[in-house]
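Please look through the structure below before reading on. The text then takes a few places in the chain one at a time.

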Amino acid sequence: MSTTSRITATALAAAVGMTALTACGSSDGGSADAKTVTLVSHDSFAASKSVLAAFEKETGYKVKLLPGGDAGKAVNQAILSKGNPQGDVFFGIDNTLLSRGLNEDLFTPYKAKGLDGVPADLQLDKGRHRVTPLDYGDICVNYDRAYFDRHKIAPPKTFDDLIKPEYKGLLVTENSATSSPGLAFQLGTIAKYGETGWQGYWKKLKANGAEVVDGWEQAYYDRFSGSAAGKGKGDKPLVVSYASSPPAEVLGKKPEPRQAPTGVATGTCFRQIEFGGLLKGAKNEKGGKALLDFLLSKKFQEDMPLKMFVNPVLKDAKVPALFTKYGAKIDKPATVAPETITKNREQWIKQWSSLVLK
């Protein structure tokens, strides 16, 4: 998933989510002492101050957050520093990138408390417990309702729609090589058109004026016209984002609108599962285990929907009404088997780059 703090009081604001954490510890990224546990993540991690305070009270550990950009960049940095990690726990490696982390031996196995309450289909490393599933969501094309109302054009619903002439030059997506949502969107097209058909689709998508940027924050805040945080300065009414982005645009608005200002093209979705893991070589392994337990606790899981706009993995965790009222429920998201991603991911990214970025 995909993960995100994707929200301020009025709209998505992923990068500022780090302010919810207690910042302490050494400046070099390692835990300063046995009472500091360092969480390495993508920029979109967020938690309520009260929830982090509860962790501190229950365990005696303070949390230091080290955000590392988009998930793809954060995973790359973790690989570059493996054996001497920047922190104790990594949050935000997802099913599109998971095999990279596992093949690089980034994580120390640990079975987190509460894992028995997580559905088996979300436990992609079941039996080995090198990573712990923590949330899931769907990567989908979002659209700016006001734009399509103004132009009296029906918004797209499917991958096929995106290559039609009426949507020429309207889509911004993320780079598959640097962005987890971008890679998830590519995988969605592979699931739809097959391992021999997706390249032809992307040629058509490029010819139809699709724009590519490095990461989600740039796509959503700078280029998308429907982002309240971006104040509508973007000129692209279609963006690759999340099925849960619309409720983030509604949070804090009084009175609540009848519908969110943005919608979801439900036929363009790919299921993303995010994981956390204890980094091998962690300076505070005991604190890291305690933090993983907490990330899977009901207290944290029920905080996630309106902080990171993702679904909790615990079966008995409650989801706020706003999240379900305005978010799109995706009954049949596209998926690609983890072993197929493992086998083909690097080749697919290279092929995508040569097709789209040249």
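The model is predicted. A search of the whole structure finds one disulfide. The partners are C140 and C269, whose sulfur atoms lie 2.1 Å apart. The angle about the S-S bond is 120°, and the link of C140 and C269 is right-handed. Are the two cysteines buried or exposed? C140 has a relative accessibility of 0%, so C140 counts as buried. C269 has a relative accessible area of 3% and is therefore buried, the cut-off for buried being under 20%.

The axes of α5 and α6 come within 8 Å and cross at roughly 125°. On the α5 side the contact is made by F185, Q186, T189, I190 and Y193, and on the α6 side by W198, Y201, W202 and L205. Sorted by class, the contact of α5 with α6 has seven nonpolar residues, two polar ones and no charged ones.

Helix α6 also meets helix α12 (residues 338–356). Here the axes come within 10 Å and cross at roughly 30°. Helices α6 and α12 are therefore roughly parallel to each other, since angles under 35 degrees are classed that way. The crossing of α6 and α12 is right-handed. From α6, the residues W198, Q199, W202, K203 and K206 take part, and they meet W348, Q351, W352, L355 and V356 of α12. The contact of α6 with α12 divides into six nonpolar, two polar and two charged residues.

E104 is found between α3 (98–103) and β4 (107–108). Its relative accessibility is 27%, so E104 counts as partly exposed, a class that runs between 20% and 50%. Leaving aside residues up to four places away in sequence, E104 touches I79 and K82. G72 is 32 residues from E104 along the chain, and the C-alpha atoms of E104 and G72 are separated by 14 Å.

Terms used: Residues are numbered from 1 along each chain as its sequence is written. This is a predicted model: local features need pLDDT of at least 70, side-chain atom pairs count only at pLDDT 80 or more; totals for chains, interfaces and linings use all residues. Side-chain values use heavy atoms; hydrogens and water are left out. Helices (H or I, at least four residues) and strands (E, at least two) are DSSP runs, numbered from the N terminus. Buried means under 20% relative accessible area, exposed over 50%, partly exposed in between (1.4 Å probe, protein chains only). Contact means heavy atoms within 4.5 Å. A disulfide is a pair of cysteine sulfur atoms within 2.5 Å. Axes are lines fitted to C-alpha atoms, for helices over the stretch in contact, and angles run from 0 to 180 degrees between N-to-C directions. Ala, Val, Leu, Ile, Met, Phe, Trp, Tyr, Cys and Pro count as nonpolar, Asp, Glu, Lys and Arg as charged, and the others, Gly among them, as polar. Angles under 35 degrees count as roughly parallel, over 145 as roughly antiparallel, 65 to 115 as roughly perpendicular and the rest as oblique. A crossing is left-handed if the near helix is turned anticlockwise from the far one by less than a right angle, and right-handed if clockwise.
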